[in-house]
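This briefing is meant for a reader who is meeting the structure for the first time. Please look through the sequence and the model below before turning to the notes that follow.

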Amino acid sequence: AILDPISLGLAHVAFVEVRLSDTREAALQAFNRAVRAIPEVEECHMMAAGFDYLLKVRTGDIASYRAVLGERLSTLPFVASTSTYVAMETVKDEAGNLSPLPD
């Protein structure tokens with residue numbers, strides 16, 4: 001079953017760049033274990049970029065996101081810094097089937 005997050009009151013989507021203070025294997029594994037326990041994190045990708053991870057975080061609104069960022073994401077093991085990008089509209093989401101097909 002595919003659930004519609006908008007119908008569930010989870011319309012706020014933020015993408016978060018995460019930089020770690022340590023990228024040795026033990027630190028990566030500790031971060032991976034901890035981030036899996038945060039239900040608001042829909043996706044977590046280790047990146048080959050100027051940052052270490054990209055997270056997709058879904059909440060009800062910006063205030064809820066701010067709480068998740070301050071109380072959960074920033075306290076994950078080895079997090080040195082984060083940068084947030086808020087999605088204004090989902091244009092295509094194949095996994096969630098959110099975009100209608102053209103006629």
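Is strand E1 mostly covered or mostly uncovered, and how many of its nine residues are buried? In this predicted model, E1 is mostly covered, with seven of its nine residues counted as buried. The points below set that strand in its surroundings.

**The sheet**
- Four strands form an open sheet in the order E2-E3-E1-E4, and their pairing is antiparallel.
- The edges are taken by strand E2 (41-46) and strand E4 (79-86), each of which has a single partner strand, so one side of each is left without a neighbour in the sheet.
- From one strand to the next, the twist averages 20 degrees.

**The partners of E1**
- Strand E1, which spans residues 12-20, runs antiparallel to E4 and is joined to that strand by seven bridges.
- Within the pairing of these strands, Arg19 stands opposite Ser81 in E4.
- E1 also pairs with E3 in the antiparallel sense, over seven bridges, and here Val16 stands opposite Leu55 in E3.
- As a general point, the side chains of a regular strand alternate between the two faces of the sheet.

**The helix across the sheet**
- Helix H2, made up of residues 62-71, lies across E1, E4 and strand E3 (53-59).
- Relative to E3, helix H2 runs at about 135 degrees.

Conventions
Residues are numbered from 1 along each chain as its sequence is written. This is a predicted model: local features need pLDDT of at least 70, side-chain atom pairs count only at pLDDT 80 or more; totals for chains, interfaces and linings use all residues. Side-chain values use heavy atoms; hydrogens and water are left out. Two strands pair if DSSP finds at least two bridges between them. Helices (H or I, at least four residues) and strands (E, at least two) are DSSP runs, numbered from the N terminus. Axes are lines fitted to C-alpha atoms, for helices over the stretch in contact, and angles run from 0 to 180 degrees between N-to-C directions. Contact means heavy atoms within 4.5 Å. Buried means under 20% relative accessible area, exposed over 50%, partly exposed in between (1.4 Å probe, protein chains only).
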